[in-house]
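Please read this note with the model open beside you, and look up each residue as it is named.

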Amino acid sequence: MAENPFSEATRLMARGRIKAAFHRFFEAAKAGDSRAQLNVGYLYDTGHGVARSRTSALAWYRKAVRGGEAAAANNIGTVYRDEGRLRLAVRWFEKSAAMGDKDALLEVARLYAGPLEEPVQARKVLARVRDSKRASAGSRKEAAQLLRKLEQRQR
């Protein structure tokens, strides 16, 4: 039985054959595999195995989001955060969280606590992360620490 393009691409990535992996991911992505679309977006985003292209990365990430990939929404949020488009980043991180990636809320809280300077919003979001059963233990711990720092600053 022939290996499917996504599995083959994953195997090639593990072997460090990034360009070959990109071509196999691209094949699977064009066929509608949302996991492959996420990977194609990531490879365009980072410029691994292919020329870096923000436009192509965002296009493939959006396709992956339509296919249900929360990580793609998170990656779009990261692109916009890194460009300084913070309100747009918040919307994409919140979309990622709504799709099931509760760790993305920590990114929202960091933006509210930091550059957006909205400590009340930051505290609300941090409490959600801290109390979430779906966020990772690391995110819950970091949320609790950031929440304590914000509360200390308020005093």
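1. A36 touches F6, F25, A28 and A29, where residues up to four places away in sequence are not counted and contact means heavy atoms within 4.5 Å. A36 sits in helix α3, residues 34-46; helices here are DSSP runs of H or I with at least four residues, and strands are runs of E with at least two, numbered from the N terminus. With a relative accessible area of 0%, A36 is buried, a word used for values under 20%, while exposed means over 50% and partly exposed lies in between (1.4 Å probe, protein chains only).

2. A word on the basis of these values is needed before going further. The model is predicted, so that local features need pLDDT of at least 70 and side-chain atom pairs count only at pLDDT 80 or more, whereas totals for chains, interfaces and linings use all residues. Residues are numbered from 1 along each chain as its sequence is written, and side-chain values use heavy atoms, with hydrogens and water left out.

3. Which residues of helix α1 (residues 5-14) are buried? They are F6, E8, A9 and L12, and they lie on the same side of α1 because they cover an arc of only 160 degrees around the axis, the arc being that of the directions from the helix axis to the C-beta atoms. The cover over these buried residues includes α2 and α3.

4. The two ends of α1 also deserve a look. After α1 comes G16, whose phi is positive, near 80 degrees.

5. A search of the whole structure finds 4 aromatic pairs. Rings of Phe, Tyr and Trp (its six-membered ring) pair if their centres lie within 6.5 Å, and planes under 30 degrees apart count as stacked, over 60 as edge-to-face and the rest as tilted. F26 and W60 form an edge-to-face pair, 5.5 Å centre to centre and with 65 degrees between the planes. This pair links distant parts of the chain, since F26 is in helix α2 (residues 18-30) and W60 is in helix α4 (residues 54-66), 34 residues apart. F26 is partly exposed at 24% relative accessibility, whereas W60 is buried at 10%. Ring pairs join F22, F26, Y44 and W60 into a cluster.

6. Two charged side chains lie over ring faces: K63 over W60, at 4.3 Å from the ring centre, and R35 over F6, at 3.9 Å from the ring centre. A charge sits over a ring if NZ of Lys or CZ of Arg is within 6 Å of the ring centre and within 35 degrees of the ring normal.

7. Please also check E117, which is found in the loop between α7 (104-113) and α8 (119-131). Phi of E117 is near 50 degrees, a positive value in a residue other than glycine. Most residues other than glycine have a negative phi. E117 counts as exposed, at 65% relative accessibility.

8. For the chain as a whole, the secondary structure comes to 9 helices and 0 strands. Buried residues make up 43% of the 155 residues. Among contacts between residues at least 6 apart in sequence, 39% join residues at least 24 apart.
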